[in-house]
Amino acid sequence: MKYVMGQYPVISKSNLAKDIYDLTVLCPEAAETAVPGQFINIKAEGFMLRRPVSIAGIDRENGTLRIIFEVRGKGTKEIARLNSGDMIDIIAPLGGRGFDTQSYETAVIIGGGIGTPPMLPVAEKFGKNAAVICGFRNASAVILQDDFNKTGAETILCTDDGSAGRKGFVTDALDDVLKLKKPDIIYACGPKPMLEKTAETASQNGIPCQVSLEERMGCGVGACLVCACKSIRDGQEIYAHVCKDGPVFNSGEVLFDD
Amino acid sequence: MTDNTSKLSVNFAGVEFKNPVIPASGAFGYGREYENFYPLSVLGGISVKGTTGQRRNGNKPPRIAETSGGMLNSVGLQNPGIDYFIENELPYLKTKGTVIIANIAGSTAGEYREVAEKLDKTDIDMIEVNISCPNVKAGGAAFGISCEGAAEITKICRAATKKPLMVKLSPNVTNIADIARAAEAEGADAVSLINTLLGMKIDIKTRRPILKNNVGGLSGPAVFPVAVRMVWQVSNAVKIPVCGMGGISCWEDAAEMMMAGAKIIQVGAALFSNPMAPVEIIKGLENYAGDNNLNNLQEIVGSVKVWEQ
Ligand SMILES: Cc1cc2nc3c(=O)[nH]c(=O)nc-3n(C[C@H](O)[C@H](O)[C@H](O)COP(=O)(O)OP(=O)(O)OC[C@H]3O[C@@H](n4cnc5c(N)ncnc54)[C@H](O)[C@@H]3O)c2cc1C
Ligand SMILES: Cc1cc2nc3c(=O)[nH]c(=O)nc-3n(C[C@H](O)[C@H](O)[C@H](O)COP(=O)(O)O)c2cc1C
Ligand code: FES
C-alpha cells in the first residue's frame, strides 16, 4: 500500500441529489495506483478526524479521482463547501484491499444508497459482462444511473417505495438475476443488513462474494486499530481492520453479528 | 542556513535520543504505516503499541468517537502478544535507527513481570509500563489509580529488568504527583504522562453511546492544558525525568510541554489528522532553538516561571 498526503485541487463539483456531492480531484500520484474499492481520507477544516470516502472513479490519463459523498454530519457538511478551484487535503489512495476484478469474467455488482458510487469503477472493468443492481430509498435519492448505463452493463434499479425502477430490495432483484444466470462473482457495497443478505445468497449459490465495509476510523492507514471488524482468519475469530485489511473483504471472512 | 539538528539531542534516563519527539503508543502501531510518509530515523524514538503477555482481541467496534477538539478511543489493547512482538516486530524496528520503546500492560502483576522479563533479554532500548489504560476491564488503569498499585507494578517490573524503565501515569486520579512519587520510590527511571482521560460520547439521535465500550479514553488538543498542568506538577514532585504527552499537535505545544518540565514528548492523536506532525514538530523546535540562540533545546525544560502565590 503506497499513499500520498497533501493538498490537491478540486477540478469539478456537482450536486447529484439532495445533499449528495460529486467531486473530481486532480491527484495524479494517487490516480496512478488506485484500484476500485479503495478510499481517500479527507481533512474537514476544524475537525480532528479525517472523513473516509470511497473512490468512485479513477482516470489515470487525466490524473484524477472522483468521489461522491452524502452530507451526514458536520464534517461532510464542511467538505461540501469546497468548490472547483479549492484545494482538498487528502491521504490517498487508502485501503490494503480493493475489489479483485482481475480473477473473474462475469459479475453481479450491487450498490445500496451511498454505497453505490464505489461500484462504478468496478462496473467499468466488467462492461457488458456485468449486471448492476442499485437500490435507493426513493426516486429523489437515485444517483449515477446514466454512469452505470454507459458502462454497458445491464442495470437494474430498485427503490424501497417503488417510486423509481422496481419496488423492493436489491437482494430480491439479486435472487431474480441468479435464477437466470450465475456470475463468477458478486460485489457489494451498502448498508450492513444488505451486505449480510447478499453474502448469504452468494454462499447459498456457491458464488464468491466481496463486500466493502465501513467502520469509524482514526489513522486510516492501519496503525491505530480502531476500525475493527470481526472476521475469521485461519479458523480463528479476530478483529481485522477495515482500513488496512479491507475495506473489501471476501464475504466468508466477515462475521456480521458484531 | 545553520543546522540546528544537534541542538535537539537529549539523554533521557540514560538513553540517547537525537531529538525529543516520539510518536505515542497506540497511535503509531509499529511504525510501518508511517514509513510511507518519512523514514523512521528522523524520529527521536517510537513508543510502540501496548503489548501484553498473550494476544488480545480488543473491544467491540465502534472504538472511536470524535469530540470537540479531541477523540475517544476504546481499542482495549488489541495486540499480538509479547512473543510475536519480539519475534516479528522488534528486529525490524531495531534496524530503523531510532530509539525503540516497548509499551507493556497486563491484567495481573504476574503478566507485567512476564512481559518485562521477556523484554529484558532483547535489545529493546526502553520499557514504558502502562498502568493507565482505561479501556481494559482488569488490570491496566486499576493499578495506575492508587499509589499502592503503581508501586506494586513498578517494583515487579524493576525486579524483572535492568532496562530503562518509564512508568506511564493515568490522569484519572486525584493527585498524580503522589502516584509519580510512588513509581520513583520503587525504582522507575522515568515517568510518562498523560494517558487518556476517561470520557463518554452519546449519539442524541439513538440515545446510545457511540463507543460499544460505552466509555473510552479522551486524547487530542482538548486534553492539552490538563496534560501541561500534570506534567508541571509531576516534574516538581520527582527527580526522575518526565516524558510529556497529551494533546500535542504542533511545535509550540511541544515547547510549552517542555517548559512545564518534560524532557521529551510524545505525539498521539495529532497523527490522525496530520501524519507529518512529529516531523513538523521536530523542524519547528530546531528553528526555535536556532532563533533563540540555545545551545541545546533542553535549556527550556522546566523553565516556566510561575507567579508567586
Ligand atoms: C471505507 C469507507 C468508505 C466510505 N465511502 C463513502 C462514500 O463513498 N460516500 C459517502 O457519502 N460516505 C462514505 N463513507 C461514510 C463517511 O465516511 C461518513 O458518512 C462520514 O465520515 C460522516 O462524517 P460527518 O462529519 O458528516 O458525520 P459525523 O457523524 O459528524 O462524524 C463524526 C465522526 O464519525 C465518523 N463517522 C460517522 N459516520 C460514519 C460512517 N458511516 N462510516 C465511517 N465513519 C463515520 C466520522 O468520520 C467522524 O469521525 C465511507 C466510510 C468508510 C469507512
Ligand atoms: C487509538 C489510541 C490507542 C492508544 N493505545 C495506547 C496503548 O496501547 N498504550 C498506551 O500506553 N497508551 C495508548 N494510548 C494513549 C496515548 O499513547 C497517549 O497517552 C494519549 O493518547 C495522549 O496523547 P495524545 O493526546 O497526543 O493522543 C492510545 C491512544 C490512542 C488515541
Ligand atoms: S483507522 Fe487506524 S487502523 Fe484503521
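These questions and answers cover how some residues of this predicted model are labelled.

User: What should I know about the numbering and the model?
Analyst: Residues count from 1 along each chain as its sequence is written, and chains are lettered from A in the order in which they are written. This is a predicted model, where local features need pLDDT of at least 70 and side-chain atom pairs count only at pLDDT 80 or more, and side-chain values use heavy atoms, without hydrogens and water.

User: Why is A:Leu225 called buried?
Analyst: Buried means under 20% relative accessible area, exposed means over 50%, and partly exposed is in between (1.4 Å probe, protein chains only). A:Leu225 has 16% relative accessibility, so A:Leu225 counts as buried. Its phi is near 65°, a positive value in a residue other than glycine. A:Leu225 sits in the loop between strand S12 (209-212) and strand S13 (228-233) of chain A.

User: What makes A:Asp234 exposed?
Analyst: The relative accessible area of A:Asp234 is 78%, so A:Asp234 is exposed. Phi is positive for A:Asp234 too, near 50°. A:Asp234 lies in the loop between S13 and strand S14 (236-241) of chain A.

User: Why does A:Lys192 count as partly exposed?
Analyst: A:Lys192 has 36% relative accessibility, so A:Lys192 counts as partly exposed. A:Lys192 belongs to helix H6 (residues 192-204) of chain A. Helices are DSSP runs (H or I, at least four residues), and strands are too (E, at least two), numbered from the N terminus.

User: Where are the cis peptide bonds of A:Pro247 and B:Pro62?
Analyst: One joins A:Gly246 and A:Pro247, with omega about 10°. Another joins B:Pro61 and B:Pro62, with omega about -10°.
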